[in-house]
Amino acid sequence: MPKSRLPQKSLSGASLKSLAALSENLRIARERRGESLRSWAKRMGVSVPTLQRMESGDASVGMGVYLAALWLCGQDKGLAELAHPSADREALELELIRAAKRRKS
């Protein structure tokens, strides 16, 4: 059964550009280390076609594959901070609006 391409269709243009930039950066990091697709894929625990899809910015590739590549490059340290609740301004604004409505009622 072929994998769904829904993630690619549901992402914004800006998100797809960010994913493409990340993918390109990971490809460059692999090449700068002199690693072949086959050796890098083996170290990541994925197939060569999956690595190629990741390096092309395919949004249907699982996050774990991107994380494995980041780990091999020593770039996985700040990943947990990407969606930290304290940086979620939209959620904070919604909470403030809800709190203001509760005070009015």
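This report describes the fold, the nonpolar core and the helix packing of a single chain in a predicted model.

Residues are numbered from 1 along the chain as its sequence is written. Because the model is predicted, local features need pLDDT of at least 70 and side-chain atom pairs count only at pLDDT 80 or more, while totals for chains, interfaces and linings use all residues, and side-chain values use heavy atoms, with hydrogens and water left out.

**Overall form**

The secondary structure comprises six helices and zero strands, in the order α-α-α-α-α-α along the sequence; helices (H or I, at least four residues) and strands (E, at least two) are DSSP runs numbered from the N terminus. The C-alpha trace spans about 65 × 35 × 20 Å along its principal axes. The radius of gyration of the chain is 18 Å, whereas a compact globule of 105 residues would have one near 13 Å; this radius is taken over C-alpha atoms, and the globule rule is 2.2 Å times the number of residues to the power 0.38. Of the 105 residues, 25% count as buried, where buried means under 20% relative accessible area, exposed over 50% and partly exposed in between, with a 1.4 Å probe and protein chains only. Among contacts in the chain with a separation of 6 or more, 55% are between residues 24 or more positions apart, a contact being heavy atoms within 4.5 Å.

**The nonpolar core**

The largest nonpolar core has 17 residues, of which Leu26, Trp40, Met44, Leu51, Met54 and Tyr66 touch the most other members; such a core is a set of buried Ala, Val, Leu, Ile, Met, Phe, Trp, Tyr and Cys residues joined through side-chain atoms within 4.5 Å. Helices H2 (13–32), H3 (37–44), H4 (48–55) and H5 (63–72) each supply at least two residues of this core, and the largest share, six residues, comes from H5. The buried residues of H5 are Val65, Tyr66, Ala68, Ala69, Leu70 and Leu72, and their cover includes H2, H3 and H4. Leaving aside residues up to four places away in sequence, Met54 touches Ser23, Leu26, Met44, Val61, Val65, Tyr66 and Ala69.

Two packed helices are described by the angle between their axes and the distance between the axes. Here axes are lines fitted to C-alpha atoms, for helices over the stretch in contact, and angles run from 0 to 180 degrees between N-to-C directions.

| Helix pair | Angle | Axis distance |
|---|---|---|
| H2 and H4 | about 125° | 8 Å |
| H3 and H4 | roughly 100° | within 9 Å |

H3 is therefore roughly perpendicular to H4, whereas H2 and H4 are oblique to each other; angles under 35 degrees count as roughly parallel, over 145 as roughly antiparallel, 65 to 115 as roughly perpendicular and the rest as oblique.

In the contact of H2 with H4, Ser23, Glu24, Leu26, Arg27 and Arg30 of H2 meet Leu51, Met54 and Glu55 of H4, giving three nonpolar, one polar and four charged residues. In the contact of H3 with H4, Leu37, Arg38, Trp40, Ala41 and Met44 of H3 meet Val48, Leu51, Gln52, Met54 and Glu55 of H4, and these residues divide into seven nonpolar, one polar and two charged. In these classes Ala, Val, Leu, Ile, Met, Phe, Trp, Tyr, Cys and Pro count as nonpolar, Asp, Glu, Lys and Arg as charged, and the others, Gly among them, as polar.

**After H5**

Just after H5, Gly74 takes a positive phi of about 70°. Gly78 lies in the loop between H5 and helix H6 (89–104) and counts as partly exposed because its relative accessibility is 42%.
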